[in-house]
2 protein chains.
Amino acid sequence: MHKPPGYRILDAESLRNLIAALPLSKQLWGKPDSWTIEEVGDGNLNLVFLIRGAEGGFAAKQALPYVRLVGESWPLPLSRAHYERAALSRQAELAPGLVPAIHHYDESLALIVMELLEPHIIMRHGMIAGTVYPRFAEDITTFMAATLFDTSSLALSAEDFKSLIAVFAGNTAMCKITENLIFTEPYTEAANNRWTSPWLDGHAALIREDADLKCAVSRLKLKFMGSPEAMIHGDLHTGSVMLTIGDTRLIDPEFAFMGPMGFDVGAVIANLLLNYFSQIGHEEAAGARDDYRAWILDTVESVWSLFRCKFLQRWEGCETGDAYPAALFSDTLGKAALARERRAFLDRLFQDSLGFAAAKMIRRILGIAHNIDLECIENTEIRATAESRSLMLAHDLMVNANGYSDIKVVTAVARQINAMDPCLSGS
Amino acid sequence: MHKPPGYRILDAESLRNLIAALPLSKQLWGKPDSWTIEEVGDGNLNLVFLIRGAEGGFAAKQALPYVRLVGESWPLPLSRAHYERAALSRQAELAPGLVPAIHHYDESLALIVMELLEPHIIMRHGMIAGTVYPRFAEDITTFMAATLFDTSSLALSAEDFKSLIAVFAGNTAMCKITENLIFTEPYTEAANNRWTSPWLDGHAALIREDADLKCAVSRLKLKFMGSPEAMIHGDLHTGSVMLTIGDTRLIDPEFAFMGPMGFDVGAVIANLLLNYFSQIGHEEAAGARDDYRAWILDTVESVWSLFRCKFLQRWEGCETGDAYPAALFSDTLGKAALARERRAFLDRLFQDSLGFAAAKMIRRILGIAHNIDLECIENTEIRATAESRSLMLAHDLMVNANGYSDIKVVTAVARQINAMDPCLSGS
């Protein structure tokens, strides 16, 4: 595997020395040996250190030359830190205050030292605890509308748009992970797959045998591989959201590239829906989380409707994009036609988003990487119940996406499925 | 403008000295001063020299650092020679015998020395003369099916597909010409536009005022800018075809990049249709070219139907593409579903092709660069008649593409329009 000269895997002490030599160490105050440094990476890929001094702290993320979850047998380029930094910088310009600030970047160490987000927690954990996040829908839709619209050819000149494609064109190893783990493996008998057996054996077989579903997910894969619509985060699940009641940050854009917008929107919707179905495993008594469930589905609706609204607003206020040149639509009829065209664009994006959401849900239940929302449910039959319902919705979303004309249809079907007996193999 | 070190504009004598110093000069035999060298470039962009000796000859194409048609005020990167050579090399592998062989390439001179195609002529000229080319439909569809399918993610691994995107990612200046001259300027009051006035004044205004049309062409532009489906030739009109009755070669792929497949297919269809409508200006008596007209429309039909057939055949015989992984479709149901999916893919590609064909027709009549098929008609009313009919078909193809379910509908409407009185402003 390729390691740039100067790369070495950091530990607390080597990181301490490194930070101590940087001007930013003054922000920590106190002597370097008074700082506390802990490694807390709970993701699948990287080292994450929290560094705290008397006056503040940093988070430091270092890419490893392999997948942390698996080990050296699965190499992965360090360049992902380069792309993460490129995406974070761009996102900070486009969506100020919604990503962690970068304080230091070391290309040869694949190291990003950034703002320590405290007392933020990973949204997934908050949702498992049943915490309502009243700002989330507003913030995530501001983030998505800004980063997706503003990096598309709807907003950019051809030159800038193509430059941005070039910036992220090399992040192919990360794309390949998505291509394999999301769009392919869950639909085959791949060694990496696992599911809550025996309960979901029937579901898994049904999905492997549904040829229309496999066509639909492959059509999405084709789109993922060949649709540089905008700079997408590429991994925008609720584990990439750190927040408090009053502040939301989107982290970890190491999968960023110029891809289909619906992949980000779908990721958000998918992970909210997975958590919705998981609530049966988190409530203390049946129905105790009904209000929370209602909030989640409200949030699903708001995510789409606010995103749509903000995306349209940006487009309406923008005359710089080369794709629909403003000069062609300056008269009254032109404005009206372009308004229709924008709505049609958003309708197509909605369909894409549902398809990608479905793919994201299925892979979290049948593929290699599962969600803690579901994984932390100890009773396997209850977990399988939540997973089975998730799969039912995802399966229908994928093959009948055209039937879901509105986000309220999605939430209504989710509610129905959540009230149904699950279809479990072992029961 | 950027000129690499060592670049100089060649003339007959400097080219003679350059060739004489190369091993390939032995193929010409005879002393260098016995060779005849003429500059014959009739395109808009480059110098083209024909070099003949006693035993053979070469064609040498040199890119100028500006648009030849306009002059130094319109700079254009020499790198287009690099991309032309990259495309020709790839096309030669994928569609052997259908492109000129490259004998020598000089990157710093932006010079490609290639096979001299004799007695081939530019297809456009042959069609103006009424020559039937019985091999054309077979050859162009073999070329398109091979170059488009085999460079797509339907055939390639993700790695190879993305490498190919990277190879052509820098050819943005050439794409920009297409974006401006095909998808934008004909729909605005651009200084570059011209048309057969006053006859087409009404048509030109109608097109500038049709907001749905402008949305449709902008949707195509969006697709052109952000759909790296395959390595497309990028300028596949009948002026990029050199042929005899028995041999067909596709030349001049300097606009090549990873773009939408329908752009190439549409270019072929558009240029056949433009020539079809132009026949009123080439026949000696009314109806004298009716058989030729019938051949052209037969060819339009064959271009689509043979392309579709060959593309499907390649797909059916291919298990290497990452987009629809073979492992997902190995059982009977999978094979049947994938067969349906392939047909749906080709249906979408047909719609794309008609849209791009329409855009190509409109720009040749209202934009900066016209076709000799129409331009050589000296009687402006007759020329305008042919152009008016071309615009009528193109306009309908663009806004009603969904209504054209089959290529036979296209040719039937073309036939109807060709029998109608044209709608001319001056008459």
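**Figure 1. The open sheet of chain B in the predicted model.** In this predicted model, five strands of chain B form an open sheet in the order β1-β2-β3-β7-β6, with antiparallel pairing. Its edges are formed by β1 (36–39) and β6 (102–106) of chain B, each of which pairs on one side only. On average, neighbouring strands of the sheet are turned by 15° against each other, direction ignored. In general, the strands of a sheet pair through backbone hydrogen bonds, either parallel or antiparallel.

**Figure 2. The pairing of β1 and β2 in chain B.** The edge strand β1(B) is joined by four bridges to β2(B), the strand of residues 46–52. These two strands run antiparallel. Within this pairing, Glu39(B) has Phe49(B) in β2(B) as its bridge partner.

**Figure 3. Two helices lying across the strands of chain B.** Helix α1 of chain B, residues 12–20, lies across β1, β2, β3 (57–63) and β7 (111–115) of chain B. The direction of α1(B) is at about 60° to β2(B). Helix α2 of chain B, residues 79–94, lies across β2, β3, β6 and β7 of chain B. The angle between α2(B) and β6(B) is about 150°.

**Figure 4. Helix α6 of chain B and its covered residues.** Helix α6(B) spans residues 172–181 and is mostly covered, with seven of its 10 residues buried. Among the buried residues of α6(B) are Met174(B), Cys175(B), Ile177(B) and Leu181(B). Lys176(B), Thr178(B) and Glu179(B) are also buried. Lys176(B) takes part in a salt bridge with Glu159(A), in which the side chains meet at 4.0 Å, N to O.

**Figure 5. The interface of chain A and chain B.** Chain A contributes 43 residues to the contact, and chain B contributes 43 residues. About 3,400 Å² of area is buried between chain A and chain B, and carbon and sulfur atoms give 63% of this area. In chain A, the residues that lose the most area to chain B are Lys162(A), Met225(A) and Leu328(A), which together account for 19% of what that side buries.

**Figure 6. Polar pairs and contributing helices at the interface.** Between chain A and chain B there are 10 salt bridges. Across this interface, 12 residue pairs are in polar contact, counting pairs with both residues at pLDDT 80 or more. On the side of chain A that touches chain B, at least two residues each come from α5 (158–168), α6 (172–181), α8 (211–225) and α11 (332–366) of chain A. Helix α8(A) supplies the largest share of that side, 10 residues.

Definitions and conventions: Residues are numbered from 1 along each chain as its sequence is written. Chains are lettered from A and ligands numbered from 1 in the order in which they are written. This is a predicted model: local features need pLDDT of at least 70, side-chain atom pairs count only at pLDDT 80 or more; totals for chains, interfaces and linings use all residues. Side-chain values use heavy atoms; hydrogens and water are left out. Buried means under 20% relative accessible area, exposed over 50%, partly exposed in between (1.4 Å probe, protein chains only). Two strands pair if DSSP finds at least two bridges between them. Axes are lines fitted to C-alpha atoms, for helices over the stretch in contact, and angles run from 0 to 180 degrees between N-to-C directions. Contact means heavy atoms within 4.5 Å. Buried area is the accessible area (1.4 Å probe) that two parts lose on being put together, summed over both. A polar contact is a pair of N or O atoms within 3.5 Å; within protein, one must be able to donate a hydrogen and the other to accept it, and residues adjacent in sequence count only if both atoms are side-chain atoms.
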